[in-house]
Amino acid sequence: MNFSLRRALRSAIKNRTERDFEDFIDRLFFLLYGDDYIPIRRVKDKGNDGTIRSKKKIIACYAPEKYEEGKFRAKVLGSGKKKGDFDKYKEEWQEQFENWEMIVNHDIAPEQLKLIDRLDGETSIKGLKQKLLIIENNL
């Protein structure tokens, strides 16, 4: 992929936030996985933004306009009375889907990787660079 196209894609992904980013991930995963990918409704999704059945994987998305560590921790672990996506996954999905992956619209910060790696089970995080490589390798 040439530099200009890569830069344009990087900007397009990074500038997508919240539901717009989730829609982008849905479209990308439909291209990659076809009917094996199941998008989940955007409200009351029980911590599941999408499912890859053959990989037994639940997807959670986090796409802020600007990354803040505290907000990321709250998204994953919860805050106060509000449960985080990982707790929802453990309660609702882990028995059937053993893998949980957080997808973000920015480059992964070291503290994000440390947090995700400390969670119980088969967890991972994918950021902007990984999404660009996926697109590049499937063009």
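This is a predicted model: local features need pLDDT of at least 70, side-chain atom pairs count only at pLDDT 80 or more; totals for chains, interfaces and linings use all residues.

Residues are numbered from 1 along each chain as its sequence is written, and side-chain values use heavy atoms, with hydrogens and water left out.

**The sheet**
- Five strands form an open sheet with mixed pairing, in the order S1-S2-S3-S6-S7; strands (E, at least two residues) and helices (H or I, at least four) are DSSP runs, numbered from the N terminus, and two strands pair if DSSP finds at least two bridges between them.
- Strand S1 (37-39) and strand S7 (122-126) stand at the edges with a single partner strand each, so one side of each has no neighbour in the sheet.
- Strands S3 (residues 57-62) and S6 (residues 99-104) run parallel and are joined by six bridges, with Ile-58 standing opposite Trp-100 in S6.

**Helices on the sheet**
- Helix H3 (residues 69-77) packs on the sheet, touching S3, S6 and S7, where contact means heavy atoms within 4.5 Å.
- Helix H4 (residues 85-92) also packs on the sheet and touches S3, S6 and S7.

**The buried side of H4**
- Asp-85, Phe-86 and Tyr-89 are the buried residues of H4, buried meaning under 20% relative accessible area (1.4 Å probe, protein chains only).
- The buried residues of H4 pack against S3, H3, strand S5 (82-83), S6 and S7.

How values were computed
Axes are lines fitted to C-alpha atoms, for helices over the stretch in contact, and angles run from 0 to 180 degrees between N-to-C directions. Buried means under 20% relative accessible area, exposed over 50%, partly exposed in between (1.4 Å probe, protein chains only).
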